[in-house]
Amino acid sequence: MSEKTSTWILWTTIGRKVLLALSGLALFFFLIFHLLGNFTLFVKDPGIFNQYAYTLERMGFILYVMEGLLILTFLVHILDAIFVTLENRKARSSSYYKEGNAGKPSRKSLSSKTMIYTGLLVFAFVVFHVKMFKYGAHYVAQNSNIRDLHRLVVECFKTDYIVISYCIAMILLGLHLRHAFFSAFQSLGIAHPKYTPYIEKLGILFAIAIAGGFLSIPVWIYFH
Ligand code: HEM
């Protein structure tokens, strides 16, 4: 292989990892925004959550653009993740690679080794989730003409199998985020031996906060 070809391969590999990190960070910000909005479900008055959803809906064209960008980001992230995983597998099966211990301190964990599986399962959850809520029953709130999304969410989260599936999906999301956060920093070159342990701890903290936050909603509704 010529030096030029190997340099090109190196740059496209780095480019893919950077793209994976940037699209992952964009999805991460979406999750924070979505979680904060969903926290209005804890408010006793159902009108607050409905009003929040209606405010988003009223954004019209801007919302369509944002949804388009979100779908694009999801697609880029998933396709890129599949490419990177296949490339890593090919590199590992080549004669140059020797399977061995990751050494100490090892960064391999259940979360890092299952990224592609947890990612694909979370994506499957998103498809099921969007179909259930965004394209689910269209109730109309009493005393107003806006959609009663609160009623649909409560009805769904009173159903055993839905709550159990959500809990499993949120555990998978937590596992995915735990490694994703740290990995994104590494891919973007924002890593330093001095800060690595803190970035790793911050990743665990975010994973617990986000997955735990989402998990608390169906569990709370189910028991109330
Ligand atoms: C368990 C707590 C969650 C609740 C209560 C919830 C609630 C909702 C609701 C009500 C909608 C429909 C909004 C509308 O039609 O105006 C929605 C949309 C959506 N949710 Fe969730 N969600 C939760 C967790 C998640 C998670 C963990 C993800 C991603 C991993 C996610 C991704 C999405 C996406 C992509 C949409 C479509 C957004 C759009 O097209 O505007 N949600 N969610």
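**Figure 1. The whole chain, seen through its contacts.** Among contacts in the protein with a separation of 6 or more, 78% join residues 24 or more positions apart. Keep in mind that this is a predicted model. The protein has eight helices and zero strands, so the run of elements from the N terminus on reads α-α-α-α-α-α-α-α. Its C-alpha atoms fill a box of roughly 70 × 35 × 30 Å along the principal axes. Of the 224 residues in the protein, 19% are buried.

**Figure 2. The shell around the ligand.** Here we zoom in on the 19 residues around the ligand, where Ala53, Glu67, Phe133, Lys134 and Phe214 come nearest. Two or more residues of this shell come from each of α1, α2 (46–57), α5 (115–133), α6 (149–156), α7 (160–187) and α8 (196–223). The largest share belongs to α5, which puts in five residues.

Figure 3. Look for Thr118, Gly119 and Val122, which are buried in α5. They sit on the same side of α5 because they cover an arc of only 95° around the axis. As a reminder, an α-helix has 3.6 residues a turn, so residues three or four places apart point the same way. What do the buried residues of α5 pack against? Their partners are α3 (61–93) and α7. Turned away from that buried side is a face of α5 with the exposed residues Ala124, Val127 and Lys131.

**Figure 4. Helix α6 and its buried residues.** In α6, the buried residues are Leu149, His150 and Val153. Their arc around the axis is only 100°, so they end up on the same side of α6. The buried residues of α6 pack against α2 and α5.

**Figure 5. The largest nonpolar core, plus a second one.** The largest nonpolar core has 21 residues, and those touching the most other members are Ala169, Met170, Leu173, Leu177, Phe181 and Ala211. At least two residues of this core come from each of α1, α7 and α8. The top contributor is α7, which gives 12 residues. For background, nonpolar side chains tend to be buried together in soluble globular proteins.

**Figure 6. Phe30 on helix α1.** Phe30 has its place in helix α1 (residues 3–38). Is Phe30 buried or partly exposed? Phe30 counts as partly exposed, because it has 15 C-beta neighbours inside 10 Å, whereas being buried takes 20 or more. For a sense of scale, look across to Ile162: Phe30 and Ile162 are 132 residues apart along the chain, and their C-alpha atoms are separated by 23 Å.

Terms used. Residues are numbered from 1 along each chain as its sequence is written. This is a predicted model: local features need pLDDT of at least 70, side-chain atom pairs count only at pLDDT 80 or more; totals for chains, interfaces and linings use all residues. Helices (H or I, at least four residues) and strands (E, at least two) are DSSP runs, numbered from the N terminus. A residue is buried if 20 or more other C-beta atoms lie within 10 Å of its own, exposed if 12 or fewer, and partly exposed in between; C-beta atoms are placed from the backbone. A residue is near a molecule or strand if its C-beta atom, placed from the backbone, lies within 6 Å of it. The arc is that of the directions from the helix axis to the C-beta atoms. Two residues are in contact if their C-beta atoms, placed from the backbone, lie within 7 Å. A nonpolar core is a set of buried Ala, Val, Leu, Ile, Met, Phe, Trp, Tyr and Cys residues joined through C-beta atoms within 7 Å.
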